[in-house]
Amino acid sequence: MVNVDVEFCGTCGHINNFNDMKEVVLERVPEAKVSGREGRQGSFEVEVNKIQIYSKLKTMAFPDFDEVADIVEDVANGGKVRQAIRQQPISCCIQ
């Protein structure tokens, strides 16, 4: 069993990103347990089996959801948890 836990910013509307990522992961690994909870402002912190694989607080961008699904699939098949490197374009701008 692979556990994916995501801390996301509720006031930023990141629940929608969480639901999108959850859908991508579960399409590839239906037996994965994907849970999310509201947390710190601006957060989108992804853990696989209690090991952080991605931090939006550090990168200012969302992870590439396909890469997260790749990692979950690898772990489900006996592989080791690894860091997610790819990210989505940063869509934030300062005026």
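1. Three aromatic pairs are present in the structure, where rings of Phe, Tyr and Trp (the six-membered ring of Trp) count as a pair if their centres lie within 6.5 Å, and where planes under 30 degrees apart are called stacked, those over 60 edge-to-face and the rest tilted. This is a predicted model, in which local features need pLDDT of at least 70 and side-chain atom pairs count only at pLDDT 80 or more, while totals for chains, interfaces and linings use all residues. Residues are numbered from 1 along each chain as its sequence is written, and side-chain values use heavy atoms, with hydrogens and water left out.

2. Phe 8 and Phe 18 make a stacked pair, with 5.5 Å from centre to centre and 20° between the planes. Because Phe 8 belongs to strand 1 and Phe 18 to helix 1, this pair ties together parts that are ten residues apart in sequence; helices (H or I, at least four residues) and strands (E, at least two) are DSSP runs, numbered from the N terminus. Both Phe 8 and Phe 18 are buried, a word used here for under 20% relative accessible area, with exposed for over 50% and partly exposed for values in between (1.4 Å probe, protein chains only).

3. A tilted pair is formed by Phe 44 and Phe 65, at 6.2 Å centre to centre and with 35° between the planes. Phe 44 lies in strand 3 and Phe 65 in helix 3, 21 residues apart, so that the pair links distant parts of the chain. Phe 44 counts as buried at 0% relative accessibility, and Phe 65 counts as buried at 11%.

4. Asp 70, in helix 3 (residues 65-76), is partly exposed, with a relative accessible area of 23%. Leaving aside residues up to four places away in sequence, Asp 70 touches Arg 28, Arg 82 and Arg 86. A polar contact of 2.2 Å joins its side chain to that of Arg 28; such a contact is a pair of N or O atoms within 3.5 Å, of which, within protein, one must be able to donate a hydrogen and the other to accept it, and residues adjacent in sequence count only if both atoms are side-chain atoms.

5. The loop between strand 3 and strand 4 (51-55) includes Asn 49, which has a positive phi of about 50° although it is not a glycine, and which counts as partly exposed at 29% relative accessibility. Lys 50 lies in the loop between strand 3 and strand 4, has a positive phi near 70° and counts as exposed at 77% relative accessibility.

Key: Contact means heavy atoms within 4.5 Å.
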